[in-house]
Structures are given as structure tokens and as C-alpha cells.
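Here's a quick tour of one model, starting with a sheet and then moving on to the nonpolar cores. Keep the viewer open as you read.

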Amino acid sequence: MADATIDMQAIKLAARKLEAGQLVAFPTETVYGLGADAENAAAVASIYTAKGRPSNHPVIVHVAPEADISYWADAIPPQAHALIAAFWPGPLTLILERAAHIPAQVSGGQSSVGLRCPSHPVAQALLREFKGGKGGIAGPSANKFGHVSPTTAQHVRDEFDTDGDSPIACILDGGQSEVGIESTIIDLSRMASHGPVLLRPGHISAAQIGAVLGVAVQAADAAAPRASGTLESHYAPRTPVLLVAPPQLAATLLQLHLAGQSLALISYSPAAVTAGGPPLAAQCAMAAAPQPYAHDLYAALRNMDHAAADLIVVEAPPSDQAWQGINDRLRRAAHDSSAVLAGFKTGFKK
């Protein structure tokens with residue numbers, strides 16, 4: 001990651017705001033977070049209010065690199081220490097048994113807690129300044145619940161400063177998030193009975209985690225803890241999203257155009273749209289590799305959302321594991337696509 005400029009005056013101000021129970025938006029390498037003192041139940045509750053987030057949907061606690069995770073979690077298995085050594089600071093969240101003195105609000109009322117140490121230098125500076133490095137910052141993505149996560153400070157302003165009455169006391173600007181999608185979440189709270197369980201894919205793959213632990217990572221089961229960003233409909237712009245496989249893309253675009261739909265397109269294939277294709281309200285050409293694609297994904301969805309189109313059509317990326325986190329986000333963003341197609345088949349028009 002390129003070095004971010006650290007404005008220590010701004011960091012100190014943000015830390016004091018957090019200590020006073022206020023909300024602060026801060027950059028991480030994944031996305032921007034909406035932070036509150038994780039040990040202040042009222043402050044954490046204000047995150048839920050600001051986002052319109054269901055109170056049973058847990059948030060992730062961000063800690064400094066030097067943090068003692070035994071303060072936050074009980075019964076820490078050796079696998080947690082192995083993953084911390086391998087991937088922290090970085091885009092990996094560990095679900096562990098929550099220590100009894102940590103407010104249940106951060107866990108959506110569950111007995112577990114999600115912990116992460118971000119690698120972004122501004123986030124680390126804030127965590128070290130806040131409560132002398134001994135505090136934790138509860139920080140889901142800094143956007144309204146279910147919408148596209150922010151990867152720049154301006155995205156945060158676009159979400160919350162629309163009427164001049166933002167619930168955020170200050171926004172730390174750390175440039176564009178390098179990773180661009182949320183952290184991988186691994187449940188280790190049930191190691192004895194279930195082993196490591198993948199709750200949300202991300203930049204760090206299940207294969208990488210399995211290689212460190214020496215065991216295969218399991219898929220989430222019905223009894224797995226609830227985790228951030230795992231609802232069926234999530235990461236969605238306001239404009240409906242339609243995810244289309246590459247072989248069907250050109251024909252689908254033409255059919256939608258003939259049905260009177262105004263279209264925005266996100267694609268990665270150079271030949272996704274030919275010169276003879278239908279007119280587009282906007283188009284975003286993405287990289288054909290997963291890391292740069294993830295970096296640009298949320299900005300692309302936000303840009304296409306401003307195109308005044310009826311639909312955002314997304315060329316479905318490859319299905320291999322390197323694209324798992326991206327495909328997870330796009331699947332949730334396009335969760336209502338079946339309804340979109342049903343409407344198209346009956347000749348709908350917005």
C-alpha cells in the first residue's frame with residue numbers, strides 16, 4: 001500500500017470524538033468504516049441508527065496491531081494466533097467467543113465477536129491514538145445499510161451529508177481503499193465441533209487460510225454466527241443490477257434496449273460491446289484480473305448509479321476461487337435480478 005499522509009492533528013481530533021461517544025468515518029484497506037467506541041453501548045447503537053442497520057446484525061471491532069485480543073475474546077484457539085501471525089494487519093476478520101465485559105451490541109446480541117486489525121496507516125494511527133491504543137473501534141462500512149460500501153472519503157460524504165445534517169463528527173481521508181471489498185470473515189468460535197468456517201469471502205481466500213491451518217475451511221452452516229454483509233441482498237446501488245453471463249451479454253443488452261430500457265454497463269471483456277451494440281447511458285470497463293477489479297468495483301457501481309439508467313447490467317466475472325469475494329458481492333447486489341428479468345419478460349418500463 002502506498003504511504004498515506006498522516007495528519008496527526010486530525011487523528012487526535014478523531015480519537016477525542018470517539019472517546020466522547022461520537023461517530024467517526026475512517027479509511028481501511030478494504031472500505032471506509034463508520035466507527036464508534038466498541039465499549040460504549042450507546043455509541044455503538046448510534047451506528048445502527050445512522051446506517052438504518054438492524055440491531056441484530058453484528059459489527060466488526062477494529063483493534064491496533066499491538067492489541068491484546070484476550071481482552072476482547074475468551075477461549076482463543078491456537079488457530080486464531082496462527083491466522084493473526086499470517087494475515088494481520090490485513091483484510092481478515094476472526095469470529096471468536098466474546099469476552100463477557102464487551103457489550104453485546106457489537107455482536108448483534110450474539111455470544112461471539114468479530115475482530116480485525118486493519119493495515120491502512122491512517123486506521124492504525126487512529127487505533128493507536130484512541131484510548132492509548134487499548135480501545136477497539138466498532139466499524140461497519142460507512143454507508144446506509146445494504147447499499148454500496150464506500151472506498152473514498154467522498155463516497156462517505158455522498159451517503160451522509162445529503163441534507164447538511166450528518167451523524168458523523170468527522171471523516172478521516174486516507175485516499176482510495178486499496179483492496180476495495182470487505183474483509184474475509186472466518187468463524188473460529190466453534191473450532192472443536194465445526195473447524196474453521198468461512199462466513200464471508202474476501203481478498204484472503206479460503207485456500208490461503210486452509211494452508212496456514214492445515215485443514216480445509218468449511219462452508220457456513222445454518223447454526224453459524226450472523227456476520228456483517230451476509231444478507232442475501234446487500235452491497236446494492238439504488239438502480240437495479242442485472243448480472244449476465246458473458247455468452248448472453250450482447251443478446252441481453254439488445255433485448256433490454258428493444259424493450260425500452262436505458263442501460264449502464266460494467267464489463268471486463270474487451271469485446272463485451274461491439275460497435276453495433278445498443279446505445280448505453282454509461283459504461284465502465286473493468287480490469288480482467290481480480291485484484292484491480294475489486295479495487296474499482298464499488299466506485300464503478302456508484303458511478304453507474306448516477307447514470308440515470310433503468311438497469312445496471314454487469315458482465316459476470318469468472319467463477320474460479322480468485323474471484324469468489326467479487327462474485328459474492330455482485331450476487332448480493334443483483335439479488336433481485338430475477339424480479340428484474342420477470343418484469344422485462346412482461347414488457348416492464350420504469
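In which sense do strand 13 and strand 14 pair, and over how many bridges? Strand 13 (residues 263-267) and strand 14 run parallel, joined over 4 bridges. Two strands count as paired if DSSP finds at least two bridges between them; strands (E, at least two residues) and helices (H or I, at least four) are DSSP runs numbered from the N terminus.

A word on ground rules: this is a predicted model, so local features need pLDDT of at least 70 and side-chain atom pairs pLDDT 80 or more, while totals for chains, interfaces and linings use all residues. Residues are numbered from 1 along each chain as its sequence is written, and side-chain values use heavy atoms, with hydrogens and water left out.

The open sheet has 4 strands in the order 12-15-13-14, with parallel pairing. Strand 12 and strand 14 are the edges, each with a single partner strand, so one side of each has no neighbour in the sheet.

| Edge strand | Residues |
|---|---|
| Strand 12 | 241-244 |
| Strand 14 | 282-285 |

Now for the cores: sets of buried Ala, Val, Leu, Ile, Met, Phe, Trp, Tyr and Cys residues joined through side-chain atoms within 4.5 Å, where buried means under 20% relative accessible area with a 1.4 Å probe, protein chains only. The largest has 46 residues, and W88, L92 and I209 are among those with the most contacts inside it. Helix 2 gives the most to this core, with 5 residues. Apart from it lies another core of 26 residues, including V148 and I312.

Conventions
Buried means under 20% relative accessible area, exposed over 50%, partly exposed in between (1.4 Å probe, protein chains only).
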